[in-house]
Amino acid sequence: MSEFTLTIDGQAAPTHQTIPVVNPATGKPFADCPDTTRAQLDQAMDAAQRAYPAWAADEAARRAAMHACAEALRAKAAEIGRVLTQEQGKPLENAIGEVVGGAVWFDLTAGLPLDAEVLQDDDEQRIELHRKPLGVVGAITPWNFPIILAIWKIAPALLAGNTLVLKPSPYTPLSSLAVGEVLRDVLPPGVFQVVSGGDDLGKWVTEHPAVRKISFTGSVPTGKKIAEVAAPDLKRVTLELGGNDPAIVLGDMDPKAVAEKLFWGAFQNSGQVCVAIKRLYVDEAIYQPIVRELAALAKQVPVGDGLESDTKLGPINNAPQFERVKELVDDAVAAGAKVEAGGGPLDRDGYFFAPTVLTDVAEGVRIVDEEQFGPALPIIPFRDVDDAIERANATHFGLGGSVWTSDVARGTDLAKRLQCGTGWVNQHLNLVPNAPFGGSKWSGIGYENGPWGLAAFTEYQVINVAKS
Ligand code: NAD
């Protein structure tokens with residue numbers, strides 16, 4: 001029996017089977033989550049379909065409900081944050097911040113417009129453009145930011161008038177189940193369900209005939225599978241996928257002044273951020289001092305259990321990801337990379353990996369070409385910035401990228417040449433609610449956040465009234 005429950009039709013659903021959930025700081029299971037059966041998924045989809053007409057009909061009630069969701073989450077932020085740290089590994093302060101950030105997102109989403117537009121109104125005809133919800137949305141989320149990434153989907157989907165079934169990652173299901181438990185007292189039954197289970201459950205959600213849209217955040221390979229499974233039913237998809245973000249540091253930067261920002265751009269959440277800096281290109285004029293500064297920061301940052309108060313970086317979330325980071329670092333070293341800091345697992349229980357800085361490594365080595373999604377950063381020198389831009393763009397990924405320079409106008413021009421959804425200047429990782437977030441190339445299809453993210457949960461209907 002799990003102490004965490006599925007939310008189906010506004011109620012806790014019985015648990016038939018469970019899956020153990022591991023605390024990455026110990027490497028040991030600490031709780032169980034329900035393993036949703038196909039019959040339960042059908043019940044969840046039925047409930048979502050039944051709730052849809054009434055929910056879609058009352059926009060004022062939906063706006064009020066967004067604020068009520070925000071308030072309910074704020075009241076439980078400390079509790080949900082603790083569960084998030086235990087299952088994900090991140091420092092408690094960041095985990096609570098993620099839940100509070102989700103509440104802020106609900107409040108901001110409540111204010112987004114859904115008004116109809118009048119395209120033409122004359123003697124001949126009146127043409128109105130309306131935004132209609134799609135129906136039942138399936139939301140599938142990863143394990144790095146389970147709460148905020150779910151709320152980026154839940155809030156706009158529900159505001160637009162859809163109902164939703166959320167399937168979190170099997171590595172971090174508990175905090176999402178806890179959100180279900182909180183919101184089931186706030187939202188009408190059937191508007192929002194949370195179902196936990198393995199990867200197969202994600203496939204069942206994607207192929208379910210009740211679902212009209214899949215909003216997915218996760219890896220490129222899974223995104224491709226989802227697109228394939230959604231295609232025969234022409235389900236709409238938004239895919240927020242992986243990245244291999246380059247940061248390009250020009251020679252006019254002060255290494256000491258910029259190092260800490262670069263460090264956190266790469267190592268935030270132990271590097272498990274879709275838009276973390278994953279390849280750092282540095283002008284050879286300041287290459288050595290940048291390497292020194294970043295290696296020093298990597299050696300001194302407190303790594304530990306997220307529940308301990310001085311921890312700044314937690315463990316890698318799960319065993320396969322831990323093995324993958326280890327494999328990529330070992331591969332780089334075998335290919336001749338020099339370890340400037342870290343280089344391997346910490347000698348303790350759990351999935352702890354020392355923050356790692358690598359040099360003497362370049363394109364053609366896996367840790368540069370692939371998404372490492374962990375606390376290991378290759379630093380690559382360049383002489384000519386045009387060459388750096390070309391190397392930065394020579395990838396299937398296109399999520400984010402950044403340019404660092406004291407010449408902001410030049411930096412802006414260079415950032416525009418990066419093939420990615422968000423190009424930053426003198427910062428990285430700063431995602432804001434009032435800009436669209438999405439990836440170019442294999443990093444995704446569609447956008448989240450702001451009016452663009454809301455639009456992704458609607459379709460147009462044109463109403464054309466003859467006047468004569
Ligand atoms: P993943 O693709 O392995 O899993 C993501 C989710 O998909 C999980 O809930 C999983 O159970 C489910 N899933 C797995 N197979 C499925 C299938 N065949 N059909 C439907 N669902 C299925 O990704 P992950 O390892 O959890 O997350 C890490 C990846 O997510 C990284 O690549 C990272 O860059 C990416 N990510 C992207 C963004 C973004 O906004 N672009 C944000 C965060 C993470």
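This is a predicted model: local features need pLDDT of at least 70, side-chain atom pairs count only at pLDDT 80 or more; totals for chains, interfaces and linings use all residues.
## Sheets, salt bridges and a ligand site

The buried residues of helix α6 are L174, S175, S176, L177, A178, V179, G180, V182 and L183. Helix α6 covers residues 174-183, and because 9 of its 10 residues are buried, the helix is largely enclosed by the rest of the structure.

A sheet comes next on the tour. Seven strands make up an open sheet with mixed pairing, and their order is β14-β15-β16-β13-β12-β17-β18. At its edges stand β14 (338-341) and β18 (422-425), each of which pairs on one side only. From one strand to the next, the twist averages 25 degrees. Within this sheet, strand β15 (residues 356-359) and strand β16 run parallel and are joined by 3 bridges. In this pairing, L358 is found opposite P378 of β16. Helix α9 packs on the sheet, where it touches β12 (245-249), β13, β15, β16 and β17 (400-404). The direction of α9 makes about 150 degrees with that of β13.

Another open sheet has 3 strands, arranged in the order β5-β6-β20 with antiparallel pairing. Strands β5 (117-121) and β20 (458-466) each have a single partner strand, so one side of each is left without a neighbour in the sheet. Here the twist averages 20 degrees from one strand to the next. Strand β5 is joined to β6 (residues 125-133) by 4 bridges, and the two run antiparallel.

Side chains of opposite charge can pair when their charged atoms come close. The structure holds 26 salt bridges. In one of them, the side chains of K256 and E293 meet at 2.8 Å, N to O. K256 belongs to helix α9 (residues 255-267) and E293 to helix α10, so this pair ties together parts that are 37 residues apart in sequence. K256 is exposed, with a relative accessible area of 63%, whereas E293 is partly exposed, at 21%. Since the cut-off for a buried residue is under 20% relative accessible area, E293 with its 21% counts as partly exposed.

A salt bridge also joins the side chains of K278 and E371 (2.8 Å, N to O). This pair links distant parts of the chain, 93 residues apart: K278 sits in strand β13 (residues 277-283), and E371 in the loop between α12 (366-369) and β16 (376-382). Both K278 and E371 are buried. R366 and E370 form a salt bridge too, with their closest N and O atoms 2.8 Å apart. R366 is partly exposed, with a relative accessible area of 26%, and E370 is likewise partly exposed, with a value of 26%. Elsewhere, a network of salt bridges links D121, R126, E128 and K467.

The ligand is the next stop. It is surrounded by 30 residues, of which D199, S219, T222, L241 and E371 are the closest. E371 is also the residue that meets K278 in a salt bridge. Several polar side chains come up to oxygen atoms of the ligand. For D199, an N or O atom of the side chain is 2.7 Å from a ligand oxygen. For S219, a polar side-chain atom lies 2.6 Å from an oxygen atom of the ligand. For T222, the distance between an N or O atom of the side chain and a ligand oxygen is 2.7 Å.

The tour ends in a loop. N318 is found in the loop between α10 (287-300) and α11 (319-334). N318 is buried, with a relative accessible area of 4%, a value that falls under the 20% cut-off. The side chain of N318 makes a polar contact of 3.0 Å with the side chain of N317. Leaving aside residues up to four places away in sequence, N318 touches W143, Y171 and Y351.

How values were computed: Residues are numbered from 1 along each chain as its sequence is written. Side-chain values use heavy atoms; hydrogens and water are left out. Buried means under 20% relative accessible area, exposed over 50%, partly exposed in between (1.4 Å probe, protein chains only). A polar contact is a pair of N or O atoms within 3.5 Å; within protein, one must be able to donate a hydrogen and the other to accept it, and residues adjacent in sequence count only if both atoms are side-chain atoms. Contact means heavy atoms within 4.5 Å. A salt bridge is a side-chain nitrogen of Lys or Arg within 4 Å of a carboxyl oxygen of Asp or Glu. Two strands pair if DSSP finds at least two bridges between them. Axes are lines fitted to C-alpha atoms, for helices over the stretch in contact, and angles run from 0 to 180 degrees between N-to-C directions. A residue is near a molecule or strand if one of its heavy atoms lies within 4 Å of it.
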